[in-house]
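Trainee: Could you show me how to read a protein model, one feature at a time?
Mentor: Gladly! Let's look at it together.

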Amino acid sequence: MKQIIIIGGGAAGFFCASNLDEKKYRITILEQNSDVLQKVKISGGGRCNVTHACFDPRELVQFYPRGNKELLSVFTKFQPGDTMEWFDQRNVPLKIENDNRVFPESNSSQTIINTFLNEIRNKKAEIKTKCSVKEIEKQGEQYLVKTSLGDFQADYIVYTTGSSPKSLKIIENLGHKIVDLVPSLFTFNIKDQLLQDIPGTSFENAEISIPKLKTEESGPLLITHWGLSGPAVLKISAWEAISLAQSKYHFEIEVNFISRSVDDAEEIFQSFRQAHPKKTIGQSKIFDITNRFWQKILEVSKVDLNKQISNISGKEIQNILENLCRKKLQVTGKSTFKDEFVTAGGIDLKEINFKNMSSKILPNFYIAGEVLNIDAVTGGFNFQACWSEGWLISQDLNNLEI
Ligand SMILES: Cc1cc2nc3c(=O)[nH]c(=O)nc-3n(C[C@H](O)[C@H](O)[C@H](O)COP(=O)(O)OP(=O)(O)OC[C@H]3O[C@@H](n4cnc5c(N)ncnc54)[C@H](O)[C@@H]3O)c2cc1C
């Protein structure tokens with residue numbers, strides 16, 4: 001029987017192992033830690049955001065700043081609908097939340113872990129923990145895997161080591177090119193009077209642009225103790241991960257807190273003014289923002305809260321609208337989003353055959369998961385890439401004539 005060695009007991013490695021034909025192969029998973037699936041355990045705040053209810057591969061790839069072109073063919077073969085069916089067949093009910101993120105109904109990542117461990121047990125696959133791979137030596141069409149627990153002979157290798165720099169070095173030594181690692185998915189540190197003292201203030205749909213990079217994103221936005229967070233910030237941080245690393249996280253952004261042009265906002269302001277000329281500006285509910293934020297806008301625009309709205313000057317209106325729709329803010333650093341660090345960079349995608357996730361330069365060698373230069377925004381997309389890639393590998397191996 002041929003031996004498959006899976007290096008890395010994480011999401012991609014386990015999904016691949018769970019779909020392999022145990023009648024055809026001996027399967028061994030090597031994991032350096034004392035427990036497998038540790039990232040799955042802490043994922044989604046312990047609930048594991050398994051996938052995203054987006055069932056059109058063309059739409060789905062839009063969530064991957066790196067890998068979008070390559071993943072299209074992968075998702076036409078295994079996509080979130082298939083993931084949901086896979087878990088359903090194993091009696092793990094999943095639920096779709098309002099924002100289309102998919103979680104186990106149990107709200108516990110342990111359900112997902114138990115499902116994988118069960119599959120692996122049924123397949124009589126071997127798991128070796130505290131087994132750190134140090135080096136891989138190519139021996140003809142086979143491999144010698146040198147580890148802290150001794151050497152292993154492999155007919156096929158599935159390389160799923162996540163973003164560990166040490167493990168990228170191992171594969172670089174085998175001839176693969178590595179794109180430098182940079183953080184993706186982070187929040188912006190900003191010190192500005194407008195954001196001071198109002199953490200927790202949120203906006204349903206704001207627009208953020210980085211003028212220097214000619215890039216823009218929209219979505220919910222949140223003021224934090226340190227600056228700005230929320231999907232709009234996370235998305236732009238992921239798409240511009242490389243340029244922002246080059247800027248050393250010092251750059252200017254422009255924020256439109258109400259997603260309306262200055263002209264539209266002025267029209268809304270003027271019609272409110274006509275309807276309620278005697279109201280004080282501080283108590284006027286003109287835009288869909290919180291009272292605290294409105295008062296902050298007036299403070300930084302240097303407008304007296306007690307002034308009657310009919311007495312607000314043209315210059316004052318312009319100041320208010322500029323702060324609301326075109327606020328320039330200086331970003332002076334980044335923070336990690338809820339410890340959900342995802343890295344951009346990894347094995348160069350040009351060296352992967354996306355029909356089956358095999359290496360183009362190493363025979364009988366497959367690669368999947370975060371070790372590749374693929375990453376996504378938050379929402380279950382990073383796991384979906386692991387499931388889809390792991391599944392493709394298993395199908396290719398299962399269909400090999402040996
Ligand atoms: C806090 C947090 C929450 C997250 N939540 C979500 C979420 O809800 N939904 C989502 O889609 N994504 C989420 N992500 C991202 C997601 O966890 C990763 O994209 C995913 O785990 C990558 O899977 P992987 O199998 O490629 O790597 P990993 O899960 O990192 O697994 C790689 C494994 O290989 C092992 N390994 C590495 N080198 C060696 C070696 N030399 N020898 C032996 N073993 C080795 C590692 O110890 C590890 O166990 C989250 C990430 C974090 C950090």
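**Reading a residue and a ligand site**

Mentor: Let's begin with the contacts of one residue, remembering that this model is predicted. Setting aside neighbours within four places in sequence, Thr-201 touches Leu-221, Leu-222, Ile-223, Thr-290 and Phe-293.

Trainee: Where does Thr-201 lie?

Mentor: Thr-201 is in the loop that runs between β12 (186-190) and β13 (202-210).

Trainee: Is Thr-201 buried or exposed?

Mentor: A residue is called buried when its relative accessible area is under 20%. Thr-201 has 4% relative accessibility, so it counts as buried.

Trainee: Now the ligand, please. Which residues come nearest?

Mentor: There are 32 residues around the ligand, and Ala-12, Glu-31, Ser-167, Glu-370 and Phe-383 come nearest.

Trainee: Which polar atoms lie by the oxygen atoms of the ligand?

Mentor: For this, look at pairs of N or O atoms within 3.5 Å. Glu-31 places a polar side-chain atom 2.6 Å from a ligand oxygen. Backbone atoms take part too: a polar one of Gly-44 is 3.0 Å from an oxygen atom of the ligand, and an N or O of the Ala-11 backbone is 3.1 Å from one.

Trainee: How much of the ligand does the protein cover?

Mentor: On its own the ligand has 1000 Å² of accessible area, and the protein covers 94% of that.

Trainee: Which element gives the most to the shell around the ligand?

Mentor: That is α13, with 4 residues. By type, the shell holds 10 nonpolar, 17 polar and 5 charged residues.

How values were computed: Residues numbered from 1 in each chain as written. Predicted model: local features only at pLDDT ≥ 70, side-chain atom pairs only at ≥ 80, totals over all residues. Heavy atoms only, no water. Near = heavy atom within 4 Å. Polar contact = N/O pair within 3.5 Å; in protein donor to acceptor, adjacent residues only side chain to side chain. Areas by Shrake-Rupley, 256 points an atom, 1.4 Å probe, with all protein chains shown as cover. Helix = DSSP H or I, 4+ residues; strand = E, 2+ residues; numbered from the N terminus. Nonpolar A, V, L, I, M, F, W, Y, C, P; charged D, E, K, R; others polar. Buried < 20%, exposed > 50% of the residue type's maximum accessible area, 1.4 Å probe, protein only. Contact = heavy atoms within 4.5 Å.
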